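Here are a few notes from a look through this model. Have the structure open while you read.

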Amino acid sequence: INVGRAGNGTGLMRKLLGFNDGGFFAWGADDVDDVFAAFTFTLESGFPTEAVDVVMRSIPLLDEKVGELSDLVRQ
């Protein structure tokens, strides 16, 4: 999804900011206006497999969010 080519770029960015307020992933746009989702976590006590499992289980949640963004792209 590209903010510059979206039918409602302002609405798209507002939606991304809303996602940032209530979710695990940080949403943004890069220097060519492509939308991305990222996450950061620390492993202060080593590299527990459980931490990676939580992140991997969370990734499918992006599908629902991308569906919401797609409506703004087509406007």
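How exposed is Phe39? Keep that in mind for point 4; first, a reminder that this is a predicted model.

1. Overall layout. The chain has three helices and two strands, and along the sequence they run in the order α-β-β-α-α.

2. Of the 75 residues in the chain, 24% are buried. The accessible surface is about 5200 Å², with 54% of that belonging to carbon and sulfur atoms. Among contacts with a separation of 6 or more, 55% are between residues 24 or more positions apart.

3. Aromatic pairs. Searching the whole structure turns up two of them. One is Phe19 with Trp27: the ring centres sit 5.4 Å apart and the planes are at 55 degrees, so this pair is tilted. Phe19 and Trp27 are both buried.

4. The other pair. Phe25 and Phe39 have ring centres 5.7 Å apart and planes at 85 degrees, so call this one edge-to-face. Phe25 is in the loop between helix H1 (9-22) and strand S1 (26-29), while Phe39 is in the loop between strand S2 (35-38) and helix H2 (49-58), so the pair ties together parts that are 14 residues apart in sequence. As for the opening question, Phe39 is partly exposed, at 34% relative accessible area.

Note on methods: Residues are numbered from 1 along each chain as its sequence is written. This is a predicted model: local features need pLDDT of at least 70, side-chain atom pairs count only at pLDDT 80 or more; totals for chains, interfaces and linings use all residues. Side-chain values use heavy atoms; hydrogens and water are left out. Rings of Phe, Tyr and Trp (its six-membered ring) pair if their centres lie within 6.5 Å; planes under 30 degrees apart count as stacked, over 60 as edge-to-face and the rest as tilted. Buried means under 20% relative accessible area, exposed over 50%, partly exposed in between (1.4 Å probe, protein chains only). Helices (H or I, at least four residues) and strands (E, at least two) are DSSP runs, numbered from the N terminus. Contact means heavy atoms within 4.5 Å. Accessible areas come from the Shrake-Rupley method with a 1.4 Å probe; for residues, only the protein chains shown count as cover.
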